[in-house]
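Here are my comments on the model you sent over. Please read them with the coordinates open.

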Amino acid sequence: MRIITTVAEAQSLQRSKRRVLVPTMGALHKAHGELIRVAREHAGRNDEVAVSIFVNPLQFEPGGDYTRYPRPAEADEDFCRQAGVDLLFRPTAAEMYAADRSVFVEESSLSKTLEGSSRPGHFRGVCTIVAKLFNVLAPEAAVFGEKDFQQLMIVRRMVRDRNFNIDRIGVPTVREKNGLACSSRNQYLNEDERREAAVLYRALRAAASDSRKSARDIVGLARNVIGEAPLARIDYIELVDTETLQPVNTRGANSVLVAAVFVGKTRLIDNIRLP
């Protein structure tokens, strides 16, 4: 595995292979392992899987957890080696952003709801860094997890509207044994919080399996289930269209139930498509 840390080095690499990129913020876990596995599946044995590790300051809101976000550099490198990664790109913030930076990439429609409402500026940071990684590493395809459903849809829109010639590959959410969606932030949870955090997926499944059609009923059911967990506090739960991310009144083939819940001080997100 080759490790590079500068834009100049990344752009000077001789290219003879197709490259599939897995963008991450590090603190790698089994869900990242699945993204890498899917990337290898798409790259095949003869082409290249690249992983980027960059804790992006632009996508953290003021007062967020940027400074304490886990950065286990050695463990992440070992993880990538064992997963068969060919290229690891791990730049510093100073390498990726000039001190007087003044150009950003912003999506103006899908990013206004859900996470965009709760975390203003978050998706401007996401779009800016993903666009920069695409420019620097020039992959033919990139892999993203469906746990961050809104992010996946926004990246797809950005690729379409900015004419990036890059395939976008979504990977189903990987979960812990209790159903909790895998996330680097799960390590913030103590034992009691981790146990109660399972209520989020339990609520989504209960709502998805219910026969009711009304969005109000579906959301109400999910809220009631989450309300049974004393440590959980709902940020939002909404039934939205998978393409527009706008609220819908009734469930349909293109609807997804999305939620953000605090368990203790840790904010968790999850989603489920409704049949």
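1. Basis. This is a predicted model, in which local features need pLDDT of at least 70 and side-chain atom pairs count only at pLDDT 80 or more, while totals for chains, interfaces and linings use all residues. Residues are numbered from 1 along each chain as its sequence is written, and side-chain values use heavy atoms, with hydrogens and water left out.

2. Burial of strand S8. Helices (H or I, at least four residues) and strands (E, at least two) are DSSP runs, numbered from the N terminus. Strand S8 spans residues 255–263, and nine of its nine residues are buried. Buried here means under 20% relative accessible area, exposed means over 50%, and partly exposed lies in between (1.4 Å probe, protein chains only). Both faces of S8 are covered: one side carries Ser-255, Leu-257, Ala-259, Val-261 and Val-263, and the other carries Val-256, Val-258, Ala-260 and Phe-262.

3. Neighbours of S8. Two strands count as paired if DSSP finds at least two bridges between them. S8 pairs with strand S7 (residues 232–241) in the antiparallel sense over nine bridges; Leu-239 has Leu-257 of S8 as its bridge partner. S8 also runs antiparallel to strand S9 (residues 266–273), joined by eight bridges, with Val-258 opposite Asn-271 in S9. A hairpin is formed by S8 and S9 with two residues between them, and Gly-264 in the turn has a positive phi of about 65°.

4. Cysteines. The structure holds zero disulfides, a disulfide being a pair of cysteine sulfur atoms within 2.5 Å. For Cys-80, the nearest cysteine sulfur is that of Cys-182, 16 Å away. Cys-80 is buried at a relative accessible area of 0%, and Cys-127 is buried at 1%.

5. Salt bridges. How many salt bridges does the whole structure hold? The search finds 21, counting a side-chain nitrogen of Lys or Arg within 4 Å of a carboxyl oxygen of Asp or Glu. One of them joins Arg-19 and Glu-48 (2.5 Å, N to O). This pair links distant parts of the chain, with Arg-19 in strand S2 (residues 19–24) and Glu-48 in strand S3 (residues 48–53), 29 residues apart. Arg-19 is buried at 2% relative accessibility, and Glu-48 is buried at 16%.

6. A loop-to-loop pair. Arg-185 forms a salt bridge with Asp-65, the closest N and O atoms being 2.9 Å apart. Arg-185 lies in the loop between strand S6 (167–171) and helix H8 (191–197), and Asp-65 in the loop between S3 and helix H3 (73–83), so the pair ties together parts 120 residues apart in sequence. Both Arg-185 and Asp-65 are buried.

7. Lys-147 and Asp-148 meet in a salt bridge at 3.5 Å, N to O. Lys-147 is buried at 16% relative accessibility, whereas Asp-148 is partly exposed at 26%.

8. Helix H7. H7 (residues 149–161) has 13 residues and reaches 19 Å from its first C-alpha to its last, close to the 18 Å expected; the expected span is 1.5 Å times one less than the number of residues. Its buried residues include Phe-149, Leu-152, Val-155 and Val-159. The buried residues of H7 pack against helix H5 (115–118), helix H6 (122–137), strand S5 (141–145), S6, S8 and S9, where contact means heavy atoms within 4.5 Å. Asn-163, which follows H7, has a positive phi near 60°.
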